[in-house]
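Hi everyone, thanks for coming. Please have a look at the screen first.

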Amino acid sequence: MKTWFITGANRGLGLEIGNAALASGDRVVFTSRNADSLLGRFAGQDRALAIPLDMTDTQSIEAAVADAVRHFGRIDVLVNNAGYGQLGAFEQLSEQAISRQFSTNVFGTFAVTRAVLPLMRAQRAGHVVSITSIAGLVGFGGSSMYCASKFAIEGWSEALAQELKQFGIVTTLVEPGQFRTDFLDASSVRYGDLEVADYVQYSEEKRRGLDAVSHRQLGEPRKLGAAIVALVASPHPPLRFAAGSDAYEVVVNRARTQLAEAESWRQLSLSTDFA
């Protein structure tokens, strides 16, 4: 029986991952900045624990991890899921908006992982699953800072996997496409906080497009939860997992495009070496 520690688990993908882990017979620590909505849901369940955790507060993170260990004795699977989408063109985002995006999506993820890794090293076993996005593989106009935060987690996780392998700890990046959650709702997504006249029409078109997709996305969160449980149960889990048919298409097209571009500029690339 594994013990899971999931951030941002009060709704959406985090909640469904936790539900799938419980259904498989494992134990789950559901964490969220506001855990009140989780307390009633899992009251009386001996394999579920709801704990408040603020991704921007190191003391809150350390307290949540300590509570989880006191209750279940160990953490086998960390799921870095908490985050939000800061949308808007780059010039429409203040330094404060950019800082908030990285404080949660990047530095918060770093802090949670830093708090859990000593436990996994002591166990000489563990699995760190980080939920990124297709926006961590390719850039999308109107989402530059969200993309930047997810690209950062991609590079960090790939290097982290090499550092942790010696301790029996596995790292997996899950790259979802569009899933039917409240990610694009006003309760989650944020838009640019600076007025730039040149971007008004562009931003309005982007927002209308996203509003039209909200709650009509192809991906089913419950199926993603089950897929992640299957990944963790695998004896040889992948470093990267494209979640959804749209994500699979992005991965394949990105690889083909990069290969074609590299080949077209091959001679100039090779010309920069010492003779």
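So, over how many bridges do strand β4 and strand β5 pair, and in which sense, parallel or antiparallel? Strand β4 (residues 77-80) and strand β5 (residues 126-131) pair in the parallel sense over 4 bridges.

Before I go on, a word on where this comes from. This is a predicted model, in which local features need pLDDT of at least 70 and side-chain atom pairs count only at pLDDT 80 or more, while totals for chains, interfaces and linings use all residues. Residues are numbered from 1 along each chain as its sequence is written, and side-chain values use heavy atoms, with hydrogens and water left out. When I say helix or strand, I mean DSSP runs numbered from the N terminus: H or I of at least four residues for helices, E of at least two for strands. Two strands pair if DSSP finds at least two bridges between them.

Back to β4. Within its pairing to β5, Val77 stands opposite His127 and Val79 stands opposite Val129. On the β1 side, 3 bridges join strand β1 (residues 3-6) to β4, again running parallel, and Ile6 has Val79 as its bridge partner. Val77 and Val79 point one way from β4, Leu78 and Asn80 point the other way, and all are buried, where buried means under 20% relative accessible area, exposed over 50% and partly exposed in between, using a 1.4 Å probe and protein chains only.

Now zoom out. The open sheet has 7 strands in the order β3-β2-β1-β4-β5-β6-β7, with parallel pairing. β3 and β7 (240-243) stand at the edges with a single partner strand each, so one side of each has no neighbour in the sheet.

Is strand β3 (residues 48-52) largely enclosed or open? Since 4 of its 5 residues are buried, β3 is largely enclosed by the rest of the structure. Its partner is strand β2 (residues 27-32), joined to β3 by 5 bridges in a parallel run, and Ser32 stands opposite Pro52 there. From β2 the chain passes through helix α2 (residues 36-41) to β3, a right-handed β-α-β crossover; that means that, with the strands pointing away from the viewer, the path from the first strand over the helix to the second runs clockwise. β4, α4 and β5 make a right-handed β-α-β unit too.

That brings us to α4. The axes of helix α3 (residues 58-72) and helix α4 (residues 95-123) come within 10 Å and cross at roughly 35 degrees; axes are lines fitted to C-alpha atoms, for helices over the stretch in contact, and angles run from 0 to 180 degrees between N-to-C directions. Among the residues making that contact are Ile61 and Val65 of α3 and Gly108 and Ala111 of α4, with contact meaning heavy atoms within 4.5 Å.

Also in α4 is Gln101, which is buried, with a relative accessible area of 0%. Leaving aside neighbours within four places in sequence, Gln101 is in contact with residues including Tyr84, Met145 and Tyr146.

Last stop: Ala161, in helix α5 (residues 144-164). Ala161 is buried, with a relative accessible area of 19%. Not counting residues up to four places away in sequence, Ala161 touches Thr171 and Leu239. Ala161 and Leu268 are 107 residues apart in sequence and 32 Å apart in space, C-alpha to C-alpha.

Thanks, and I'm happy to take questions.
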